[in-house]
Protein chains: 4
Amino acid sequence: MQRLSKQCLSIIQTRPQNSHKGTFGRTVLVGGNAQFGGAIMMSAEACVNAGSGLTTVMTDPSNHPALHARMPEAMTVDWNDKELCDSVLDSADVILIGPGLGEDKKSQDLLSYIFQKQKEDQLLVIDGSAITLFAKGNEQLPYPTQTIFTPHQMEWQRLSGVKIADQTEENNQKEQKKLQATIVLKSHHTEIYSNQGRFQNPLGNPGMATGGTGDTLAGIISGFLAQFPDTVDATNAAVYLHSYIADQLAHDNYVVLPTKISQALPYWMKKFEH
Amino acid sequence: MQRLSKQCLSIIQTRPQNSHKGTFGRTVLVGGNAQFGGAIMMSAEACVNAGSGLTTVMTDPSNHPALHARMPEAMTVDWNDKELCDSVLDSADVILIGPGLGEDKKSQDLLSYIFQKQKEDQLLVIDGSAITLFAKGNEQLPYPTQTIFTPHQMEWQRLSGVKIADQTEENNQKEQKKLQATIVLKSHHTEIYSNQGRFQNPLGNPGMATGGTGDTLAGIISGFLAQFPDTVDATNAAVYLHSYIADQLAHDNYVVLPTKISQALPYWMKKFEH
Amino acid sequence: MQRLSKQCLSIIQTRPQNSHKGTFGRTVLVGGNAQFGGAIMMSAEACVNAGSGLTTVMTDPSNHPALHARMPEAMTVDWNDKELCDSVLDSADVILIGPGLGEDKKSQDLLSYIFQKQKEDQLLVIDGSAITLFAKGNEQLPYPTQTIFTPHQMEWQRLSGVKIADQTEENNQKEQKKLQATIVLKSHHTEIYSNQGRFQNPLGNPGMATGGTGDTLAGIISGFLAQFPDTVDATNAAVYLHSYIADQLAHDNYVVLPTKISQALPYWMKKFEH
Amino acid sequence: MQRLSKQCLSIIQTRPQNSHKGTFGRTVLVGGNAQFGGAIMMSAEACVNAGSGLTTVMTDPSNHPALHARMPEAMTVDWNDKELCDSVLDSADVILIGPGLGEDKKSQDLLSYIFQKQKEDQLLVIDGSAITLFAKGNEQLPYPTQTIFTPHQMEWQRLSGVKIADQTEENNQKEQKKLQATIVLKSHHTEIYSNQGRFQNPLGNPGMATGGTGDTLAGIISGFLAQFPDTVDATNAAVYLHSYIADQLAHDNYVVLPTKISQALPYWMKKFEH
């Protein structure tokens with residue numbers, strides 16, 4: 001297993017002068033039901049600050065006011081408006097589904113809908129309750145190698161069938177091979193399992209053990225996938241930078257609020273610009 | 001009566017490396033009707049910043065947008081959704097009821113509901129209008145020694161029957177013995193009465209005499225109870241740190257806005273990390 | 001006409017140690033219809049930061065989310081809930097009516113209602129569209145000497161009948177004598193006409209010429225009236241400090257956003273604490 | 001084509017002492033349907049910070065809470081309230097239509113309504129989807145020389161019929177002559193085509209390639225038109241300053257969030273005050 005280092009941030013290249021928002025990708029974030037809206041807001045805040053060219057949040061309309069109040073840079077779409085959803089998804093480069101999605105019939109329908117819509121050139125990040133829904137086993141991944149799962153250990157157990165105690169590097173890698181997707185297995189030291197290899201994140205701190213840390217990571221991964229070319233490289237860089245910034249914040253903060261990580265992204269991405 | 005000192009903050013220990021949000025407790029905050037939503041928002045802001053692993057706010061749905069806009073890290077639950085409330089309460093470590101709860105039939109029903117749901121291993125903080133409702137005397141505390149009341153002097157009069165003028169250490173202690181709960185009696189110099197002894201907070205300043213200071217304290221107490229082992233130690237530390245931070249802010253502020261105290265918690269908890 | 005100086009800020013005294021939020025007054029702000037909610041939010045932000053012990057906003061319920069999102073320290077009351085309004089007004093020390101109130105039937109009814117409810121020991125600040133409504137002449141001030149009007153020049157013309165070109169010190173003073181209320185005549189250099197004398201504010205700058213400056217001033221006046229004893233002294237200090245802070249901000253800002261003035265109040269009140 | 005330089009900011013003059021909010025113009029911003037509210041919020045944030053005396057946002061009422069939460073200084077009007085819209089437009093100095101307007105029947109009706117209402121002394125900025133709607137060709141500009149279009153290259157193709165590859169200085173100028181309006185053609189180095197000449201903005205950076213940058217520019221242009229006398233001078237200064245600030249922010253930020261540009265306007269306008 002390869003230990004990630006600052007080297008993995010070298011994908012953060014100086015942007016070409018002649019660029020526009022389309023150059024840095026269109027990301028669509030699907031989540032946030034009427035109860036759990038905060039999760040998708042944190043993903044959106046992460047995704048915009050991570051540099052996605054255009055970020056659209058497909059969510060319950062009750063979440064629009066708070067989303068706009070926090071981050072007007074993200075666009076919103078009522079997830080009940082099929083026609084609008086179709087058109088937004090059509091032009092997406094990256095789709096994230098899961099944060100605050102819930103686990104009811106509506107959530108399941110949305111996951112099926114996204115699976116139907118995903119196209120050959122679109123990446124799909126599956127996070128949070130969408131992993132649990134998928135783990136029920138009624139769906140097939142349309143494009144496994146374009147899929148990134150971001151489970152914590154219990155979600156990985158549901159998804160792979162491997163119990164937490166048995167989640168060894170070997171067992172995890174075996175399951176990744178079956179799934180063919182990239183797996184970001186979140187824990188004390190997050191591990192990435194992919195067709196291109198296995199990676200471990202040496203960074204991170206216990207101040208991150210608070211609600212929203214995962215939603216934020218999912219947003220950064222999505223934003224990086226939207227603008228940087230290689231899926232595994234982008235995922236690794238997102239995981240590493242998320243923890244790196246949190247470690248910086250932890251020097252002065254007993255708890256590291258996830259939205260503080262997002263707000264610090266533009267600064268640290270500049271510092272690491274190659 | 002023991003005078004609290006910085007020593008009481010020694011419970012703020014370096015967090016174990018191998019931890020996750022469950023390690024630091026699940027706190028459920030119940031309050032905020034359609035009129036008085038700000039109170040529970042301030043409790044939530046305090047609780048998240050105080051380091052509760054997961055914070056869920058059970059409130060009137062009209063409060064969800066503002067809650068998410070201020071603090072997406074806190075989850076929200078519509079307090080009319082019984083099934084969801086049941087499941088969220090089931091996994092709680094600490095429950096706070098009261099800030100902005102109101103005093104009508106709905107408020108009373110919610111208090112009764114929480115009393116029904118509380119389990120043997122859950123702590124319950126009773127604040128604000130929930131104290132007044134309880135003082136009407138129709139309810140029994142399910143687990144008195146797991147209960148923390150946070151009355152100001154008039155609420156303590158309602159709860160204990162002891163008039164403000166008669167609220168001497170002796171009389172207060174006598175009533176605490178009857179109730180068996182921990183009492184945080186808020187005043188100029190807040191006093192804590194408990195089965196483990198009596199404590200006085202030497203800190204605090206008149207810039208704190210503004211709406212929301214108590215809601216914020218209730219949130220910090222709840223967040224500390226969720227992550228630190230001893231109930232009285234956690235309560236003492238919360239009371240002390242709340243005033244300590246307010247005293248720091250008062251050097252430069254004639255009025256100390258409660259939300260500024262909450263926002264400063266991660267910084268000061270780091271400073272006092274043992 | 002007496003020129004105000006820093007001396008007028010000497011009413012900002014060190015607060016007594018043994019105080020609570022009731023010590024610093026209860027202020028009720030009435031305004032903000034479904035269209036013009038921002039005005040009353042700015043008044044609330046000013047009032048809380050100015051040190052009012054408890055601030056309650058009586059407004060259209062569509063304004064509650066944004067009010068809470070900006071300033072959870074202010075309580076909200078749906079102005080259609082008569083019973084709750086009655087009880088909140090009953091315990092008020094200061095009432096402000098006008099910011100974003102509108103000029104329709106509902107607005108007029110609310111003004112009449114406040115006139116009905118005002119008690120002998122309550123101060124009433126009349127601002128913005130409430131001045132225009134009152135100027136229509138169908139109402140009598142219940143307690144003229146407890147009333148403070150905060151008109152700009154056109155509103156003063158409507159209220160007094162004196163055309164802007166004729167608004168000389170002498171004419172203004174004559175009208176104040178008839179009204180018996182305190183008049184804060186807002187202009188380039190705001191003037192205060194009262195039963196205790198005439199005062200001119202030497203401060204202020206053209207960066208303040210933006211929407212919301214008046215709403216903010218009305219909030220500061222109300223907050224000062226709630227906690228400082230003399231009506232004219234409190235009004236003078238509010239007018240002076242509002243401009244003083246704006247002048248500080250103008251060193252670095254071409255436009256002075258009113259909410260920036262409010263946010264700087266605790267700092268400058270501390271600096272001027274006597 | 002004249003290259004813009006700092007010289008173009010010399011219109012940012014010290015404001016006259018004896019001024020009031022009317023002195024700096026009334027701006028009405030029309031946009032933000034139930035889905036795309038964030039765009040008009042960013043325009044409003046830009047417009048207020050750019051110094052427009054009074055800023056009113058005519059929008060879907062679902063956007064009011066977030067607008068107020070972010071920027072209470074901007075007033076809101078429900079765009080379904082014809083009577084109120086009529087009166088607000090009547091006193092406008094500058095009207096902006098487009099950000100988040102959408103492209104449906106309602107959007108088209110609003111554009112037609114604005115064309116009906118525009119008066120001889122009012123400037124009209126047409127941005128975003130309003131350009132696409134206008135390009136359909138069913139409408140005539142009421143006052144071409146008082147109109148400013150702010151298309152990106154694809155919108156300019158729709159408006160002028162000139163394909164992106166053919167958008168040379170000569171071709172663009174020819175189309176501007178036909179339209180008689182001022183054209184702000186947004187790209188890597190934005191160009192301004194007007195009856196007074198052609199100008200190129202040498203500033204800007206790829207960190208600006210994110211959603212909302214154009215909405216923010218439209219807000220600054222509108223705010224500058226409201227307070228500075230010459231249309232082309234005001235437009236040039238807005239374009240230049242928008243990029244200048246973004247370039248300052250880019251020293252420390254890989255991505256330049258549009259709302260950060262707006263928030264920095266008062267500071268930089270002060271620095272460039274002549």
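This tour moves through the chains of a predicted model, naming at each stop what to select and what is there.

Residues are numbered from 1 along each chain as its sequence is written, and chains are lettered from A and ligands numbered from 1 in the order in which they are written. Because the model is predicted, local features need pLDDT of at least 70 and side-chain atom pairs count only at pLDDT 80 or more, while totals for chains, interfaces and linings use all residues; side-chain values use heavy atoms, with hydrogens and water left out.

**The chains together**

Begin with chains A and D, where chain D can be laid on chain A with an RMSD of 0.0 Å by a turn of 90° and a shift of 0.0 Å along the axis (copies are superposed by least squares on the C-alpha atoms of residues with pLDDT of at least 70 in both). The two copies are thus related as by a four-fold rotation axis. They use different surfaces, since 7% of the contact residues of chain D recur in chain A, contact meaning heavy atoms within 4.5 Å.

Now select strand 5 (residues 94-97) and strand 6 (residues 123-127) of chain A, which pair in the parallel sense over 4 bridges, with A:Leu96 having A:Val125 as its bridge partner in strand 6. Axes here are lines fitted to C-alpha atoms, for helices over the stretch in contact, and angles run from 0 to 180 degrees between N-to-C directions.

**Helices 9 and 10 of chain B**

Move to chain B and select helix 9 (residues 231-250) and helix 10 (residues 258-271), which pack at an angle of about 105° with their axes 10 Å apart. That makes helix 9 of chain B roughly perpendicular to helix 10 of chain B, a class that covers 65 to 115 degrees, whereas angles under 35 count as roughly parallel, over 145 as roughly antiparallel and the rest as oblique. Show the side chains where they meet, among them B:Leu241, B:Tyr244 and B:Ile245 in helix 9 and B:Ile261, B:Leu265 and B:Trp268 in helix 10 of chain B.

**Helices 8 and 9 of chain C**

Finish in chain C with helix 8 (residues 213-227) and helix 9 (residues 231-250), which pack at an angle of about 140° with their axes 8 Å apart. That makes helix 8 of chain C oblique to helix 9 of chain C. Residues to display at this contact include C:Leu217, C:Ile221 and C:Phe224 in helix 8, and C:Ala234, C:Ala238 and C:Leu241 in helix 9 of chain C.

How values were computed: Helices (H or I, at least four residues) and strands (E, at least two) are DSSP runs, numbered from the N terminus. Two strands pair if DSSP finds at least two bridges between them.
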